[in-house]
Amino acid sequence: MTIRRARPAEAEALTRLARRSKEHWGYPPDLMARFADDLVIGADAVARDEVWVLEDDAGRVIGVHRVVPGETAILEDLWLDPQWIGTGYGRQLWQHAVGVARTHGARAMELDADPNAVPFYERMGARRVGETPSTVVPGRALPRMRVELD
């Protein structure tokens, strides 16, 4: 497996990967349709942010993460193709994202987690620090997670 910078031309494939990964949690099609606009990794984001992909030995992209640098970096995306969930590659992507955040001088990294992914992020050392109201589902809130990097 190799982690490398994403290319803007891969944006559409990365968006499809994010959507497949989200579907892993069993959301019904009508709700997935509502999530669609929030599950876009556009070419502009790939060019602007720290977007990295995990490739298998055949060169297929099986995972992606996107970090927005800052004193508190934001992990905007961390997605793994569903067939690879539970294999340790999510941890590898997380560790790489933490390294990217540190390289840019971040002292902490925060993210809004899918509720189903909270146990993963807790195993990675993140803790809940609040909630972020959903922009898609009224009355729903996403757990806000934080990991200290110093």
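Visitor: What pLDDT does the protein chain average?
Guide: This is a predicted model, in which local features need pLDDT of at least 70 and side-chain atom pairs count only at pLDDT 80 or more, while totals for chains, interfaces and linings use all residues. Residues are numbered from 1 along each chain as its sequence is written, and side-chain values use heavy atoms, with hydrogens and water left out. On the scale of pLDDT, the predictor's confidence in each residue from 0 to 100, 100% of the residues score at least 70, and the protein chain averages 93.

Visitor: Which element of the protein chain has the lowest mean pLDDT?
Guide: Elements are DSSP runs numbered from the N terminus, helices being H or I with at least four residues and strands E with at least two. Strand E5 has the highest mean pLDDT, 97, whereas the lowest, 86, belongs to helix H2 (residues 29-35).

Visitor: Is Leu93 buried or exposed?
Guide: Leu93 lies in helix H4. Leaving aside neighbours within four places in sequence, Leu93 is in contact (heavy atoms within 4.5 Å) with Leu54, Gly63, Val64, His65, Leu78, Trp79 and Leu80. Because its relative accessible area is 0%, Leu93 counts as buried.

Visitor: Which element provides the largest share of the lining of the largest pocket?
Guide: A pocket, found on a 1 Å grid over the protein atoms alone, is an open set of points where a 1.4 Å probe fits, with protein on both sides within 12 Å along at least five of seven lines, and lining residues have an atom within 4 Å of a point. The largest pocket has a volume of about 1,000 Å³, and of the 43 residues that line it, the closest to its centre include Leu78, Trp79 and Asp112. The lining divides into 22 nonpolar, 9 polar and 12 charged residues. Its largest share, 7 residues, comes from E4.

How values were computed: Points joined across faces, edges and corners; volume = space filled by probe spheres on them. Nonpolar A, V, L, I, M, F, W, Y, C, P; charged D, E, K, R; others polar. Buried < 20%, exposed > 50% of the residue type's maximum accessible area, 1.4 Å probe, protein only.
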